[in-house]
Amino acid sequence: MRIKPSIVDKIFRIGFNALAFFTVGILVVIISIICVKGFSHVNLEFIFASPEDMGRHGGIFPSIMGTILLALLSIVFATPLGLGTAIFLTEYTKESVFTKIIRFGVESLAGIPSIIYGLFGFIFFVIQLGMGWSLLSGVLTMTIMILPTIIRTSEEAIKAVPRNLRIVSYSLGATRWETVTKVVLTAATPGILTGIMLSIGRVVGETAAVIFTMGSSLRLPTSLMDSGRTMAVHFYILAREGISMDKAYATALVLVLSITAINILAYYIMNRVVSRYS
Amino acid sequence: MNQMTEKLYILFLFIGIFTVSCGRETSDRKDNQSPITIAGSTSVMPFTEKLAEYFMLDNPDYVIDVQGGGSTAGVQACINRTVDIGMSSRRLKDDEKSLRDITICNDGIAIVVHPGNPLNNLTIDQIRGIFNGRIKNWKELGWIDRKIDAVSREEGSGTRGSFEDLIMNKMEIDDGIMVQDSNGSVKEVVATDPYAMGYISLGLVDERVRGLSVDGVAPTTENIKDGSYKIERPFLFLINGTPDENTQSFIDFVLSKEGQIILKKEGLIDIL
Amino acid sequence: MAFQKENFIKFILMVFALSSLFFLFLIFAFILIEGLPLFLKVGLKNIIFGFKWAPTKGSFGIFPMIVSSFLVTFGALVVGGPMGLSCAVYLSEYSGKKMKMLLKPALELLAGIPSVVYGFLGVIYIVPLVRNYLGGSGFSLIATSIILGVMILPTIISISFDALMSVPKSFREGSLAMGATKWQTIYKVVIPSAKSGIMAGFILGMGRAIGETMAVIMIAGNALKIPTSILDPLRTLTGNIALELAYATGDHRLGLFSTGVVLLVIIMILNYMANFGIKKKRLK
């Protein structure tokens, strides 16, 4: 029996609507569970106190600081390197074998799973270079991990700057470097910042690469050679060991909220680009 | 430079100052405050952490840094001198004998099941059969018709090594058996799955899991002390050469009556 | 003088670019250098096709893990593929501006949730569900596939969405003008035109699933045998590395590097296939 195409059409229309809501529903469920179960345990004390009894009681301040330190320091190292590379590739050279090799490397690195970074960072930085589990090992590993993202997003942001701006700048007598810093970079800043924010988000959410390089010490890291935890690592250990479900949910909440805040910030910055150029 | 770039530079400046001052802090610290680093067995870690907490309460200028990584990692770190004390839950192998080992306590390995499991006792042969894959179903042990969800530790784990030496006796642990990478996670599986069975550090057994008697002997600290429950292994602190003053103070504390009482309260077997 | 300054700056930037290149290749080189010796010592066949992983006793067979990695990836595609593609179709063909504004950030949020959180929720909710209603311990192929499927949804949706959006409006208009319904247009015209982009999305989703570590070791059970049913536990290549890395020494550690090499090769191949598909779509 052949069903009328218009009815089939309606069925699919309804089906697709339902599906979209289901997908959003999954997100809502995940966020709700974390919020509902974690909310009552997140308070000022939780955020600013240190963990006691392996994290069964107390707060997560050292993990929060560990996360902030790891993310910021990684950005400090990766941004000049990545931005410089992007500027070099777009403004200072023509397409050649050399640039193709670099792009090949960047594309390849972008797909490497985080456990490989963990494996590399652990054996190379922690053991062979003798840095031990430390903030430094973590930072160096994460820098390499976010480098491709910074290079790619910076390149795209720079490429998106209209040619006219450059032409006008040169015609006014500016040198290449002046043009790059005063004109191109200024215009590309929102795009570059978005890439930076995305990378920060990645570092904050990363566990496999961090736990094997930065370690899992419960203390507040006060020097580069200290070990420490990030929120993601702390959450993983709490959850895996069954130390405290309450604290686990609370940590998850802070973690997810942080990443959400970073994403919202990135979004806000990106929108400023659109409004600036439309 | 425009506004945004200026702001970025200021941000970077702050980060730079912060990083430098972090480094400064370490060199400003008094000798007493350089951290004692301890790493190794994940079985020993929670107890060392507890001891460290107590020790630092009484001696606030001490900083003790405890990490996991596994018995083997602890041995390696000790050999490479990247830590002050290594923790191990298995005896040293021949090629590791350059290190000095100090037994801080003994720990039993308990065969645990879900509290709802009606079984109370198994023979060593049965346990062997379960982890070897020979016995697959609870009905073979007198319970319901349901597959046994056995959980083991990963290769390289001190706890697994001791379990293999003391129970498996050269028989291999079956490939189809689940693996978790810490005592805590094995305990979690057993606590939540009514049909699970695993082996964990005795010190971790609480009301969420139940330890089975082996060949009629219950897994209690008394039975380990008098030798009737034979499945036990030492918790070791490993030192490379002579420890410095701070490290020695901590070790003395752990071996003292105070330290041993703490360990005993946690379910371990003190060595006094 | 300005010329000298310019050259100097170019030089500095080139050093930066070279440093980036150096770090980029450092990882590859290191993993390969550490991973290759064991292949030579034990034999490529014995590792890739070996069935027994007992590295402290000399067996380095990772075949079960290769199979398991592919099984969970395939499972993730089964769970996330149709749902993701359908969502993308909805976004591009049916939804209005408002829905797009709501769904896009929702997707970004979903993508930003750390994998350990997914793993945790999987253990608390999905594993007991499987255990109580389907059997087994719950730590299984099916539980892992479900969680991974959800995790790769954002990837599949956004790439498929881009592919669908790049199909020219004229295609749709032409089809409707000839009397086709919207659904007929979508499934006979739009989707086939976006085929290579959609495939790329699926392949990238595969790459993500096969590279996932934390969520997998929490849910999969990590048993060393090839699973014979979807309720059996399994261990992936990523899980193997993560579980034993901290404890491994000597040849055991080399074995983990060899696992890493195999994993890298598989993911590189998947990535190139995906990029090829995306570029092909762009060229059209």
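**Entry 1, chain B overall.** I began with the secondary structure of chain B, for which I find nine helices and 11 strands, where helices (H or I, at least four residues) and strands (E, at least two) are DSSP runs numbered from the N terminus. I am working from a predicted model, in which local features need pLDDT of at least 70 and side-chain atom pairs count only at pLDDT 80 or more, while totals for chains, interfaces and linings use all residues. Residues are numbered from 1 along each chain as its sequence is written, and chains are lettered from A and ligands numbered from 1 in the order in which they are written.

I then looked up burial, and of the 272 residues of chain B, 44% count as buried; a residue is buried if 20 or more other C-beta atoms lie within 10 Å of its own, exposed if 12 or fewer, and partly exposed in between, with C-beta atoms placed from the backbone. For contacts (two residues whose C-beta atoms, placed from the backbone, lie within 7 Å), I note that 74% of those in chain B with a separation of 6 or more link residues 24 or more positions apart.

**Entry 2, strand E3 of chain B.** I followed E3(B), residues 85–88, where Ile85(B) and Met87(B) point one way, Gly86(B) and Ser88(B) point the other way, and all are buried. Strands pair if DSSP finds at least two bridges between them, and E3(B) runs parallel to strand E1 (residues 36–40) of chain B, joined to it by three bridges; here Gly86(B) is the bridge partner of Ala39(B). With strand E11 (residues 232–239) of chain B, E3(B) pairs in the antiparallel sense, again over three bridges, and Leu236(B) in E11(B) stands opposite Ser88(B).

In H5(B), residues 158–168, I list as buried Gly158(B), Thr159(B), Arg160(B), Gly161(B), Ser162(B), Phe163(B) and Ile167(B). Just after this helix, Asn169(B) takes a positive phi of about 50°.

The contact of chain C with chain A takes 63 residues from chain C and 66 residues from chain A. Helix H1 (residues 2–42) of chain C gives the most to the chain C side, with 18 residues, and I count on that side 43 nonpolar, 15 polar and five charged residues. In these classes Ala, Val, Leu, Ile, Met, Phe, Trp, Tyr, Cys and Pro are nonpolar, Asp, Glu, Lys and Arg charged, and the others, Gly among them, polar.
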